[in-house]
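This report describes the overall build of a protein model and then turns to one of its helices and to its aromatic rings.

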Amino acid sequence: MSSGDRFICGIEIHQQLNTKKLFCSCESGLSEEGEDICRRKLRPTAGESGIFDRAAVAESKKQLIYGYQAPPKVSCLIELDEEPPNDVNKDALDIALTFAAMVNAKIIDEIHFMRKIVVDGSGPGGYQRTAMIGMDGYIEVNGKKIVIETICLEEDSARKVKENADEITYRLDRLCIPLIEIATGPDIRTPEEAMEVALKIGTILRATKRVKRGIGTIREDINVSIPGSRRTEIKGAQDLKLLPTYVENEVQRHLMLIRIKDILSKRSVSVNGKTEDVTELFTDSQSKVIKASLAEKGKVLAIRLHGFAGVLNGDDGKLRFGSELAQYARTKGVKGIFHSDELPAYGIEQNYVDRVKERLNLTDRYDAFVLCAEKENRAKAALEAVTERAKDALTGVVEETRDPLPDGTSRFSRPLPGAARMYPETDVPPILITKEKLKQIYSSLPELPEQTEKRLVSKYKLNEHQARQMVRNGYEDIFEKIAKDKELISVAVTTFLGTFTEIEREGTDVSEISEKMILDIFDSLKNGKFAKEALPSLFRETAKGMALKEAIQKLGISSVDEKDAIRVIASIVEERKAFIKEKGMASVGPLMGPVMEALRGKLDGKRMNDLLVAEIKKIL
């Protein structure tokens, strides 16, 4: 994104709370088990305004069946919408109120839960309960004020575990775990600032000491627009480091769509949406996709796109409207489409392209077409979606919700929801927030991240950068437990800010290492069971679920008696006596390699060096 490209960005943070579920006494945790209990179809209902939400309507058109699995101990009839909700979880409400106070928000004096229509199957009842807790707050990031527009308390959605073209199966373990939803204003002006804002909100949430940790417990939605475009939302990003990339790529996509709009506005564009059955043209085709479809009694359908040639897949690689059309098509259960800008390819030779053009009466140089090879009903639905998106091409950027992908790009999911999906929840009574309750909340606010950083600098002599990173990464609590032993402070800093970062880059998920395991490892280090050099290897193994004792045995790092260490080092020195006499004390460095290889993790590195120097001096 060039410095001249202005854009507007806001984010929404969804953070799971570490309490029981929001409207029942079930535990809130994920389960690897689940018994199939029911299957449902969902349909949209009108919101409080009497209007049907466009996103809900789009989901219902997919005609999917939703299956639900009930895991033991973490679901009940309330999650299935077969029983009215209990009173709201008081702990969850207090955490939400605390966070609202910490970000200077105006707390709502009477809280009303609403039903948000959601018919993608992630809620068996077709809705999600949500309530406004606070509004008009703010945080400061790098000296800039970022508005917190709203703070809501709501239920998390069910977890998708299986899907095919006709049915999606959800597990109810995650459903109804309490979430705080925090929405910023459109105040973010750079991709990097999006990450900084998310980091700041995350550190404040963790400061409550009552939020869940680990992959999937906090998710970000990114709202992006640029001048001349409309807002799009990338929903459910989990990797903070990728937020700038998502923003950057989405801005580039908006710029591409605006450019395409300008090109099409200068042409004679026509999209009538009429599908043509061109199956007979491909009966002898060697395309693997088409052959497979015809073998399954599918058909090849086509539509005309007058005026779209060159923008579906431009020669410069910057115009890729074909990928936009394909994403819309895939929401109808097809694997993909073919379009004329990319053909001949994929086993479809030029003579087949010419046949299609002749059948569709495409004579203008800007005429294009799209093919879909599938079962007839799916192919037709896919091409109808392509038609609607093509018609919207002259508006440029379409308001939509997109799914984040691991490479920092995104794909179309559904139309952007609107306010029409809300209506009152009559099963949950209003909650009055009294002056006494507010006094209780404000009198017991936790330490803010900036205060924690200052205390870490003052009490443990960390520098400002180390303190900031410790808090940002959420290690301050466990660090302070370890740092009660002053001799472990330096090792703990190196571990949390260096070792953990290094092994995460290797692909190891350090969030899988429990706090108890970390404390046990440092306690074993303190008691001399191994040397500090063994810590990276130990954390790699315990992150995979290995017990500490087993990891020590596997790595062969049990500490050795110093007499045994001296014998090992003396043997290495004896073998290299000639080299030592030639190099003198300059031989220490080269010989530390074989010594470390023999004693790594079994003896402190400094002590190894001291013993090696002593043995070398005996020869000299």
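## Surface and basis of the model

The accessible surface of the protein comes to about 29800 Å², and 48% of that area belongs to carbon and sulfur atoms; accessible areas were computed by the Shrake-Rupley method with a 1.4 Å probe, and for residues only the protein chains shown count as cover.

The model is predicted, and local features are reported at pLDDT of at least 70, side-chain atom pairs only at pLDDT 80 or more, while totals for chains, interfaces and linings use all residues. Residues are numbered from 1 along each chain as its sequence is written, and side-chain values rest on heavy atoms, with hydrogens and water left out.

## Overall fold

The protein has 20 helices and 21 strands, where helices (H or I, at least four residues) and strands (E, at least two) are DSSP runs numbered from the N terminus. Its C-alpha atoms fill a box of roughly 95 × 70 × 55 Å along the principal axes. Of the 620 residues, 50% count as buried, a term that stands for under 20% relative accessible area, as against exposed for over 50% and partly exposed in between (1.4 Å probe, protein chains only).

Among contacts (heavy atoms within 4.5 Å) with a separation of 6 or more, 73% are made by residues 24 or more positions apart.

## An enclosed helix

Helix α6, which spans residues 321-330, has 8 of its 10 residues buried and is therefore largely enclosed by the rest of the structure. The buried residues include Phe-321, Glu-324, Gln-327 and Tyr-328.

## Aromatic pairs and charges over rings

The whole structure holds 14 aromatic pairs, counted where ring centres of Phe, Tyr and Trp (its six-membered ring) lie within 6.5 Å, with planes under 30 degrees apart called stacked, over 60 edge-to-face and the rest tilted. Tyr-68 and Tyr-170 form a stacked pair, at 6.2 Å centre to centre and 20° between the planes. This pair joins strand β3 (residues 65-70), which holds Tyr-68, to strand β10 (residues 167-171), which holds Tyr-170, across 102 residues of the chain. Tyr-68 is buried at 0% relative accessible area, and Tyr-170 is buried at 4%. Phe-338 and Tyr-346 form a tilted pair, at 6.0 Å and 45°, in which Phe-338 is buried at 9% whereas Tyr-346 is exposed at 55%.

Ring pairs also link Tyr-475, Phe-496, Phe-500, Phe-522 and Phe-539 into a cluster. The charged end of Arg-115 sits over the ring of Tyr-127, 4.0 Å from its centre, where sitting over a ring requires NZ of Lys or CZ of Arg within 6 Å of the ring centre and within 35 degrees of the ring normal.
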